[in-house]
Amino acid sequence: FPVTIQLVKWDGTAAPATNIAASPVTPYIVYHTDNRVWAISQDRKNLRFSEPGDVDTWPVSNDIGVIGTFGAIMALYSAPDKLIIFCRYGILSLTGNPDDDNVRINIEHPNIGLTQPTSLAYFGNTAFFVFNGSVYQY
C-alpha cells in the first residue's frame, strides 16, 4: 500500500492539524515518558508539558521554571530515565513525574552547555553536541 506523509509547518496562530491545536509556540519539542510531549517556552526559560497521552492539552499550570545561571534552554533529549535539558552554559536533567509532584531538576554538568540547538546529534543513547567550538559526547 502506498503511504502518504504530510509535512505541515505550524506558525503558532493557525493549527494545521487538530491534534496540535493547543500546542505552545516553541523552538524545540520532544516526546518523553508517560506519553507526554515536552517543549521549551518561547523565551527559553521554562519547560512546558502536555497532559499524558493528550498532545492537544497544554494547561498553563503544566510549566516548570528552570532557574540558575545556565542561560537559555537550547534543546531537550529524552533519555531512558530522565529528560536531559541542554542549556547554553550547563546541562541539567529532569526526573520524576509531574502527576506525582515529585519532579526534580538536577545539575548534570554545570560548566558545559550547548552552543546551538542544531549542533546536537544522537547516535543510539549517546548525544553529541558543540560547546564553544569543541565537540562533546554525553
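1. Arg 48 counts as buried in this predicted model, because its relative accessibility of 15% falls under the 20% cut-off for that class. The side chain of Arg 48 meets that of Asp 63 in a salt bridge, with a distance of 3.9 Å from N to O. Asp 63, at 31% relative accessibility, counts as partly exposed.

2. As for where these two residues sit, Arg 48 belongs to strand 3 (residues 46-49) and Asp 63 to strand 4 (residues 63-65), so that the pair ties together parts lying 15 residues apart in sequence.

3. The structure holds 2 salt bridges, and another pair to consider is Glu 108 with Lys 82, whose side chains meet at 3.4 Å, N to O. This pair links distant parts of the chain, since Glu 108 lies in strand 8 while Lys 82 lies in the loop between strand 5 and strand 6 (83-87), 26 residues away. Glu 108 counts as partly exposed, at 24% relative accessibility.

4. Turning to the pairing of strand 8 with strand 7 (residues 90-95), the two run in the antiparallel sense over 5 bridges. Within this region, Ser 93 has Asn 106 of strand 8 as its bridge partner.

Conventions. Residues numbered from 1 in each chain as written. Predicted model: local features only at pLDDT ≥ 70, side-chain atom pairs only at ≥ 80, totals over all residues. Heavy atoms only, no water. Pairing = 2+ DSSP bridges. Helix = DSSP H or I, 4+ residues; strand = E, 2+ residues; numbered from the N terminus. Salt bridge = Lys/Arg side-chain N within 4 Å of Asp/Glu carboxyl O. Buried < 20%, exposed > 50% of the residue type's maximum accessible area, 1.4 Å probe, protein only.
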